[in-house]
Amino acid sequence: MVLTRRFLYVTLGLSAVVVVLPEWEALLGCAVLLVVLAALDMALAGSPRSVSVERLPSTPVRLGQPTTANSALHHHGSRRLRGQVKDGWQPSAGARRPVTVVDLTPGRTRRIETALRPSRRGDLHSEHISLRSIGPLGLAGRQVVHRVPHTLRVLPPFHSRRHLPSKLQRLRELDGATAVQIRGAGHEFDSLRDYVRGDDVRSIDWRATARRQSSQGQHLVVRTWRPERDRRVILALDSSRTSAVRIEDEPRLDSGMEAALLLGALASGAGDRVDFFAFDRGLSGQARSGMRGDLLHRMADAMSAVQPQLVEADFSQLPAQVRAITAQRSLLVVLTSLDSGSLEEGLLPVLPALAQRHLVVLAAVRDPELDRRAHARETTSEVYRAAAAERALIEKEALRRQLSSLGVEVVEATPHQLPPQLADTYIRLKAAGRL
């Protein structure tokens, strides 16, 4: 049973009668009248149990973008139903005006739309829809909760998409009209052209030179090379406890996702095969290059359910995961933390074997707060904080040199700068013919 605001107003009106006639007969009569009116109104209300609820499929949406959750109400009863419908989304779904006024005639279907603006990545759920039927007097009614679950997948926002056109343009310049013409920039033959001053003499094609002769004499012909295509790029995202640290009001994990999405889209546009997996103690998400569908969507879909886990990362599984993907030489990008104690104990022991078979790049988010604290020395407390920050920076630099000695490329930048800098590193390695 549901009582409405109108019932409260009627109760207040009848209370005036009790004040004027302070007799128990008047009080009893008003109470009986209220009960009879509420019971009659509830009896005349359409049955909410005669309505079936159908959830309509929702397409995935990126974090922060508006969307709608749609449901269909099918009225199978014989009495008109007037009331309200409330969709029970969790708060992070950002439901706007979740209560909808409905007026259903028998045999009709009504579509209900709930406007959403998600504030959290992952799978958001609505476990039920509450349907309230109000009687013709508007005093009372009946309510039923339909247990019909609905799920909306929220993908990473991919703010770094704005860098993609400029990076793709650089790749086109590298591998298009301005093909690389220096030895070592690639190993795939592109074309022949006349020798000009400054060209590497090792690129001269003597057979083509002998065939190309004119009345003015013989012209030297050189080969041009372009960066290789169909190379392997493997993106490994650390989702362990260090990924839960918030840097500039953004989890380190989300910054790593932005960098992985930009590099994945860039490498895919360059003709390379991209594989992605997230790991902590085991695999928490993966997207393989051989799977159907758009690579960017598959990566975002795999990332949507990945959340930081409060456990240490098991880096010893990296070699096996890479071997399961491919046996050929690849660009392996590990997105993790550079200042983690588990890095020295977990990743460093497996890096020599990985660096021997693959080109390894370690991408990490740099916390600008360390630099700010290292320079703030006005008070005693700030001096101690500056000393701690300086020590952390020194240890990080020592770890960087150790990684470099193993042949590992290190890319460390602030959350907003990491995606473009990692993309620039990929372009540089491709231009140098190291992929």
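**Cores**

I started with the largest nonpolar core, which has 47 residues. Those with the most contacts inside this core are Leu235, Phe276, Met299, Leu331, Val333, Leu422 and Tyr426. I then looked up which helix gives the largest share, and helix α5 (residues 252-269) supplies ten residues. I note here that the model is predicted.

I went back to Phe276 and listed its contacts, leaving aside neighbours within four places in sequence. Phe276 is in contact with Leu235, Leu237, Gly285, Gln286, Ala287, Met299, Ala302 and Met303.

**Overall form**

I counted twelve helices and 20 strands in the secondary structure of the protein. The radius of gyration is 33 Å, while the globule rule gives 22 Å for 435 residues, so the protein is more spread out than a compact globule. I read the span of the C-alpha trace along its principal axes as about 125 × 70 × 40 Å.

I also looked up burial, and 46% of the 435 residues count as buried. Of the contacts with a separation of 6 or more, 74% are between residues 24 or more positions apart.

**Surface and charge**

The protein exposes about 22,500 Å², and I noted that carbon and sulfur atoms supply 52% of this area. I found 61 positive and 46 negative side chains. The centres of the two sets lie 6 Å apart.

**Val306**

I picked Val306 next, in the loop between α6 (295-304) and α7 (318-325). Is Val306 buried or exposed? Its relative accessibility is 1%, under the 20% cut-off, so Val306 counts as buried.

I checked what Val306 touches, not counting residues up to four places away in sequence. The list is Arg121, Ser239, Leu253, Met257, Ala278, Ser284 and Gly285. For Ser239 I also took the separation: Val306 and Ser239 are 67 residues apart in sequence and 7.3 Å apart in space, C-alpha to C-alpha.

**Two positive phi angles**

Arg97 is a residue other than glycine with a positive phi, near 50 degrees. I placed Arg97 in the loop between β5 (81-89) and β6 (99-104). Arg97 has 68% relative accessibility, over the 50% cut-off, and therefore counts as exposed.

Phe158 is not a glycine either, and I read its phi as positive, about 60 degrees. I found Phe158 in the loop between β10 (150-155) and α3 (164-175).

Key. Residues numbered from 1 in each chain as written. Predicted model: local features only at pLDDT ≥ 70, side-chain atom pairs only at ≥ 80, totals over all residues. Heavy atoms only, no water. Helix = DSSP H or I, 4+ residues; strand = E, 2+ residues; numbered from the N terminus. Rg over C-alpha atoms; globule rule 2.2 N^0.38 Å. Buried < 20%, exposed > 50% of the residue type's maximum accessible area, 1.4 Å probe, protein only. Contact = heavy atoms within 4.5 Å. Areas by Shrake-Rupley, 256 points an atom, 1.4 Å probe, with all protein chains shown as cover. Lys, Arg positive; Asp, Glu negative; His and termini not counted. Charge placed at Lys NZ, Arg CZ, Asp CG, Glu CD. Core = buried A, V, L, I, M, F, W, Y, C linked by side-chain atoms within 4.5 Å.
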